[in-house]
Amino acid sequence: MLTLEGVGKRYPTGDRALSDIDLALPKGQVMALIGPSGAGKSTLIRCVNRLVEPSQGHIRLDGDELTTLSGAGLRRARRSMGMIFQEYALVDRLTVMENVLSGRLGYVGFWRSFFRRYPEQDVREAFRLLERVGLDHALDKRADALSGGQRQRVGIARALLQSPRLLLVDEPTASLDPKTSRQIMRLIRELCAERGLAAIINIHDVALARQFADRIVGLNAGRIVFDGAPSELTSDI
Ligand code: ADP
Ligand code: ADP
């Protein structure tokens with residue numbers, strides 16, 4: 001469903017972050033992207049949602065050429081990709097529920113001040129998702145009162161509220177302790193299975209990648225140096 005063909009990225013500073021990347025991600029596959037710092041993992045993920053403009057190549061999602069989209073077409077394509085970030089990117093002064101709703105409504109303050117409430121269908125779906133990630137007891141808590149693991153659960157629910165086809169996950173466990181990291185990775189893994197979602201998970205922890213991904217792609221200096229099942233990965237790369 002997602003294909004990258006000859007994708008390259010050179011930043012204006014001259015740094016060549018990606019060279020000639022070919023990759024096909026089938027529906028429902030959970031792929032871990034591993035490699036040392038500076039290998040190009042974040043750049044690859046950001047090329048897919050076009051937070052970074054690739055310098056060469058083609059990226060297609062279900063036949064749509066993402067590399068040439070702009071305006072409304074790009075916004076629509078981005079809605080089909082759920083982003084989950086390392087630092088959660090929640091709005092601290094908003095509640096758990098409002099943070100999740102912002103995944104679909106955008107600026108939730110607008111809905112609050114103009115309509116005094118949020119669309120009911122979205123609230124119901126957000127509630128179901130918060131139940132699924134185990135936070136239905138904390139709907140009205142402010143985001144800044146949550147633990148790191150809870151914040152990441154809110155981030156996951158927010159990403160899923162857009163009903164994405166693809167999850168782009170950038171270092172989801174970087175700020176979490178080992179036990180919470182495993183719980184978060186297991187949750188992402190289960191949700192992908194339940195919803196038939198494909199995912200690219202940028203993760204530097206090779207043990208977590210092995211445990212929770214269907215496939216591991218190793219990057220080094222902007223090139224793919226490994227692509228296979230976790231069981232085929234014999235040494236750290
Ligand atoms: P990783 O996620 O694997 O740590 P990155 O994609 O962040 O790797 O970085 C890949 C390379 O691109 C590095 O050499 C980094 O310094 C460079 N790079 C990343 N972002 C930028 C940027 N915004 N401007 C210039 N160079 C960048
Ligand atoms: P990550 O751990 O995700 O690779 P980094 O800590 O390398 O992130 O980079 C953080 C931010 O700085 C990112 O937005 C990245 O694009 C940017 N960045 C990284 N390397 C460079 C660079 N050489 N020049 C300019 N910006 C950079």
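Trainee: Which residues have the most contacts inside the largest nonpolar core?
Mentor: Before answering, note that residues are numbered from 1 along each chain as its sequence is written, while chains are lettered from A and ligands numbered from 1 in the order in which they are written. This is a predicted model, in which local features need pLDDT of at least 70, side-chain atom pairs count only at pLDDT 80 or more, and totals for chains, interfaces and linings use all residues, with side-chain values taken from heavy atoms and with hydrogens and water left out. A nonpolar core is a set of buried Ala, Val, Leu, Ile, Met, Phe, Trp, Tyr and Cys residues joined through side-chain atoms within 4.5 Å, where buried means under 20% relative accessible area, exposed over 50% and partly exposed in between, with a 1.4 Å probe and protein chains only. The largest such core has 49 residues, and those with the most contacts inside it are Leu130, Ile156 and Leu167.

Trainee: Which elements give two or more residues to this core?
Mentor: Helices (H or I, at least four residues) and strands (E, at least two) are DSSP runs, numbered from the N terminus. On that basis, the elements that give two or more residues to this core are the strands S3 (30–34), S7 (166–170) and S8 (198–202), together with the helices H3 (96–105), H5 (120–132), H6 (148–161), H7 (178–195) and H8 (206–212).

Trainee: What share of the accessible area of ligand 1 does the protein cover?
Mentor: The residues around ligand 1, meaning those with a heavy atom within 4 Å of it, include Tyr11, Asp15, Lys41 and Thr43. Among its polar contacts (pairs of N or O atoms within 3.5 Å; within protein, one must be able to donate a hydrogen and the other to accept it, and residues adjacent in sequence count only if both atoms are side-chain atoms), oxygen atoms of ligand 1 lie 2.7 Å from a polar backbone atom of Gly38, 3.1 Å from one of Ala39 and 2.5 Å from an N or O atom in the side chain of Thr43. Of the 560 Å² of accessible area that ligand 1 has on its own, the protein covers 64%, the areas coming from the Shrake-Rupley method with a 1.4 Å probe, where for residues only the protein chains shown count as cover.

Trainee: What share of the accessible area of ligand 2 does the protein cover?
Mentor: Ligand 2 is surrounded by Asp15, Ser42 and Arg46. An oxygen atom of ligand 2 is 2.9 Å from an N or O atom in the side chain of Ser42, and a polar side-chain atom of Arg46 lies 3.1 Å from an oxygen atom of the ligand. Of the 550 Å² that ligand 2 has on its own, the protein covers 29%.

Trainee: Is Phe212 buried or exposed?
Mentor: Phe212 lies in helix H8, and it touches Val30, Arg182, Met185, Arg186 and Arg189 when residues up to four places away in sequence are not counted. With a relative accessible area of 6%, Phe212 is buried.

Trainee: Is Asp20 buried or exposed?
Mentor: Asp20, found in strand S2 (residues 16–25), has a positive phi of about 50° although it is not a glycine. Most residues other than glycine have a negative phi. At 54% relative accessibility, Asp20 counts as exposed.

Key: Contact means heavy atoms within 4.5 Å.
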